[in-house]
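Biologist: I have a structure open and I'd like to learn how to read it. Could you walk me through it?

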Amino acid sequence: MGFIKEFKEFAMKGNVMDMAVGVIIGGAFGKIVTSLVNDVLMPLISVATGGISFTDLFINLSDDVKYKTLAEAQEAGASVFAYGQFIQNIFDFIIIAFCIFMMIKAMNKLKKKEEPAPEAPKGPTQEELLAEIRDLLKNK
């Protein structure tokens with residue numbers, strides 16, 4: 001029973017719960033950013049580059065047959081170097097990193113605006129108390 005009690009104490013600590021909430025929000029945030037990249041930015045980039053779809057970029061490594069799309073090559077069982085999806089993932093990463101940077105920057109700005117808690121009045125040091133006790137004992 002000690003193991004279960006110890007695990008319960010660990011799981012209920014604030015840091016673990018904060019981390020769990022962060023993972024859940026991070027997953028949802030990732031979906032939003034992926035949608036932003038796939039549904040908004042990549043079509044704009046595709047128009048700017050003349051209709052190129054990055055996810056369909058590939059190099060056929062297996063034979064001399066020319067495939068029009070990556071799906072067609074994969075369906076035929078051809079060995080392909082699908083670098084387009086890698087480019088797509090790089091765009092995802094850069095946008096996610098930028099969004100997280102901006103979010104942390106905003107949070108740090110809010111923290112700076114919070115007023116620091118007033119310091120508690122400092123009492124006498126241990127040496128001062130001992131000197132006071134010594135002086136009281138001398139006067140007796």
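Modeller: Let's go from the whole chain down to single residues. Keep in mind that this is a predicted model.

Biologist: Then how should I read the confidence, and what is the mean pLDDT of the protein chain?

Modeller: The general idea is that where pLDDT is low, the predicted coordinates should not be read in detail. Here the mean pLDDT of the protein chain is 81, and 95% of its residues reach 70 or more. Going element by element, helix α5 (residues 126–139) has the highest mean, 88, while helix α1 (residues 2–11) has the lowest, 80.

Biologist: Next, the fold. How many helices and strands are there in the protein chain?

Modeller: Count five helices and two strands. As for overall shape, the radius of gyration is 31 Å, well over the 14 Å that the globule rule gives for 140 residues, so the protein chain is more spread out than a compact globule. Along the principal axes, its C-alpha atoms fill a box of roughly 110 × 50 × 25 Å.

Biologist: What share of the 140 residues is buried?

Modeller: Buried residues make up 12% of them. The chain exposes about 12,000 Å², and carbon and sulfur atoms supply 66% of that area.

Biologist: How do I read contacts along the sequence?

Modeller: Look at how far apart the partners are in the chain. Among contacts between residues at least 6 apart in sequence, 47% join residues at least 24 apart.

Biologist: Show me a single residue. Is V33 buried or exposed?

Modeller: With a relative accessible area of 2%, V33 is under the 20% cut-off, so it counts as buried. You'll find V33 in helix α2 (residues 14–48). Leaving out residues up to four places away in sequence, V33 touches D92, I95 and I96. Take I95: it is 62 residues from V33 along the chain, yet their C-alpha atoms are separated by 7.2 Å.

Biologist: Which residues does Q88 contact, beyond its neighbours within four places in sequence?

Modeller: Those are V37, N38, M42, F54 and T55. Q88 itself belongs to helix α4 (residues 83–113), and it counts as buried because its relative accessibility is 4%.

Biologist: For contrast, what about V40?

Modeller: V40 lies in helix α2, but its relative accessible area is 42%, so V40 is partly exposed. Try the distance to Q85, which is 45 residues from V40 along the chain: the C-alpha atoms of that pair are separated by 16 Å.

Definitions and conventions:
Residues are numbered from 1 along each chain as its sequence is written. This is a predicted model: local features need pLDDT of at least 70, side-chain atom pairs count only at pLDDT 80 or more; totals for chains, interfaces and linings use all residues. Side-chain values use heavy atoms; hydrogens and water are left out. Helices (H or I, at least four residues) and strands (E, at least two) are DSSP runs, numbered from the N terminus. The radius of gyration is taken over C-alpha atoms; the globule rule is 2.2 Å times the number of residues to the power 0.38. Buried means under 20% relative accessible area, exposed over 50%, partly exposed in between (1.4 Å probe, protein chains only). Contact means heavy atoms within 4.5 Å. Accessible areas come from the Shrake-Rupley method with a 1.4 Å probe; for residues, only the protein chains shown count as cover. pLDDT is the predictor's confidence in each residue, from 0 to 100.
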